[in-house]
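Work through the exercises below with the structure open. Try each task before reading its solution.

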Amino acid sequence: NHLNNKMYDINTRIGGDGITFCSWNVKGINEPIKRGKVLAQLNRLKSDIIFLQETRLKKDVQYRLTAKWISKVYHSSFTHKSRGVAIIIRKGILFKQSSIIEDIEGRYIIITGELHSKK
C-alpha cells in the first residue's frame, strides 16, 4: 500500500473556528498514482493547513501539487529527486503571506503571515 507512511493529524483551535493541521512524510510523490492517492487522502481528512515532508519533487514539477480544494502551495525542493517540503493551504482559509524563507537544499520552508478564521 502506497499510503503506509506515518500520518499525524493534529487538531487545534485558532479564534474558535477549529482550523486543522496535518503533517505527513510522504516519502516521495513523483509517481502520479501515489500523488493522487495522497492528495485524495488529504482532502478526505479536511485538514486546512498541511505540511508535507520528503516530497522529492523537483522545482520544475512542483505545479503537480494541485487540486480543486487547494488554494495555495508553498514548496521548497532540491536539484535531485530527494528532500523537499511543502505547505498546502485549503481553499476557504484566509492567509495573507508576508515573507518566505526557503532552504536552497529543500529541507525547509518558512512562511510568515496572518492567519484568520475560515470564510
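The exercises that follow use a predicted model.

**Exercise 1. List the partners of threonine 112.**
Which residues does threonine 112 contact, leaving aside neighbours within four places in sequence?

*Solution.* 
- Step 1. Set aside those neighbours. The contacts of threonine 112 are then Phe95, Lys96, Gln97, Ser98 and Ser99.
- Step 2. Take lysine 96 from that list. In sequence, 16 residues separate lysine 96 and threonine 112; in space, their C-alpha atoms are 8.6 Å apart.
- Step 3. Look at serine 99. Its side chain makes a polar contact of 2.5 Å with the side chain of threonine 112.

**Exercise 2. Examine a salt bridge.**
Which residue forms a salt bridge with glutamate 54?

*Solution.* 
- Step 1. Recall that side chains of opposite charge can pair when their charged atoms come close.
- Step 2. The partner of glutamate 54 is arginine 56, with 3.5 Å between the closest N and O atoms. The cut-off for a salt bridge is 4 Å, so the pair qualifies.

**Exercise 3. Trace the network.**
How many salt bridges does the structure hold? Which residues are linked in a network of them?

*Solution.* 
- Step 1. The structure holds 4 salt bridges.
- Step 2. Start at arginine 107. Its salt bridge with aspartate 103 has closest N and O atoms 3.2 Å apart. In its salt bridge with glutamate 105, that distance is 2.4 Å.
- Step 3. Write out the network: Arg83, Asp103, Glu105 and Arg107.
- Step 4. Aspartate 103 is at 8%, so it counts as buried. Glutamate 105 is partly exposed at 29%. Arginine 107 is partly exposed at 49%.

Methods: Residues numbered from 1 in each chain as written. Predicted model: local features only at pLDDT ≥ 70, side-chain atom pairs only at ≥ 80, totals over all residues. Heavy atoms only, no water. Contact = heavy atoms within 4.5 Å. Polar contact = N/O pair within 3.5 Å; in protein donor to acceptor, adjacent residues only side chain to side chain. Salt bridge = Lys/Arg side-chain N within 4 Å of Asp/Glu carboxyl O. Buried < 20%, exposed > 50% of the residue type's maximum accessible area, 1.4 Å probe, protein only.
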